[in-house]
Amino acid sequence: MLIILYVIHVLIALSLVGVIMLQKSEGGALGMGGGGMSGFMTGRSTANLLTRTTGILAVAFFGTSILLVMLSNAGHAPRSIIDEGGGSPLTAPAAPGAPAAPGVPVVPTAPAPAPPAEPSAPLAK
């Protein structure tokens with residue numbers, strides 16, 4: 001069932017791309033449809049048909065997308081953090097040190113940097 005729906009979904013997507021590519025662009029430079037067709041369908045009726053077909057294919061595409069999501073999630077039970085129990089309990093943050101007295105400069109407690117190493121003897125050439 002799911003594979004058949006995938007195939008239908010891909011065919012709808014390809015049809016949608018094809019119908020969109022057939023529509024005449026705003027500038028008219030890239031449109032393949034319309035133009036010099038006189039006889040069976042005029043430019044206006046072709047545009048109406050392609051617009052209506054695009055809308056129908058778009059609705060079908062969204063419908064199959066939603067249906068695919070619903071079917072793929074059908075066997076899975078919804079998960080909730082509350083139902084799982086949360087795992088390990090949260091630990092309280094460590095108590096901060098005593099605050100500094102007002103007016104006293106704060107001195108960092110990081111260790112002083114190590115003095116630079118003595119240069120080695122020059123290499124003999």
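This is a predicted model: local features need pLDDT of at least 70, side-chain atom pairs count only at pLDDT 80 or more; totals for chains, interfaces and linings use all residues.
Residues are numbered from 1 along each chain as its sequence is written, and side-chain values use heavy atoms, with hydrogens and water left out.

Let's begin with confidence. The mean pLDDT of the protein is 76, and 62% of the residues score at least 70; pLDDT is the predictor's confidence in each residue, on a scale from 0 to 100. Among the elements, helix α1 (residues 2-22) has the highest mean pLDDT, 94, and helix α3 (residues 81-84) has the lowest, 72.

The fold is quick to describe: there are three helices and zero strands, so the order from the N terminus reads α-α-α, where helices (H or I, at least four residues) and strands (E, at least two) are DSSP runs numbered from the N terminus. Of the 125 residues, 10% count as buried. Here buried means under 20% relative accessible area, exposed means over 50%, and partly exposed lies in between, with a 1.4 Å probe and protein chains only. The protein exposes about 11000 Å², and carbon and sulfur atoms supply 70% of that area, as computed by the Shrake-Rupley method with a 1.4 Å probe. Among contacts with a separation of 6 or more, 73% are between residues 24 or more positions apart; a contact means heavy atoms within 4.5 Å.

Now to the inside. The largest nonpolar core has five residues, I12, L16, V19, L50 and L57. Such a core is a set of buried Ala, Val, Leu, Ile, Met, Phe, Trp, Tyr and Cys residues joined through side-chain atoms within 4.5 Å. Helices α1 and α2 each supply at least two residues of this core, and α1 gives the most, with three. Leaving aside residues up to four places away in sequence, L57 touches I12, S15, L16 and V19.

Here A58 returns. It is partly exposed, because its relative accessible area is 23%. The C-alpha atoms of A58 and S15 are separated by 9.9 Å, although the two are 43 residues apart along the chain.

Further along helix α2 (residues 43-72) comes T64. T64 counts as buried because its relative accessibility is 9%. Not counting residues up to four places away in sequence, T64 touches L5, I8, H9 and I12. One of these, H9, belongs to helix α1, and H9 is buried too, because its relative accessibility is 15%. S65 and L5 are 60 residues apart in sequence, yet their C-alpha atoms are 9.3 Å apart in space.

Finally, a word on rings. A pair of aromatic rings is described by the distance of the centres and the angle of the planes. Rings of Phe, Tyr and Trp (its six-membered ring) pair if their centres lie within 6.5 Å; planes under 30 degrees apart count as stacked, over 60 as edge-to-face and the rest as tilted. By this rule there is one aromatic pair. The rings of F61 and F62 have centres 6.1 Å apart and planes at 70 degrees, so the pair is edge-to-face. F61 is partly exposed, because its relative accessibility is 25%, whereas F62 is exposed, because its relative accessible area is 56%.
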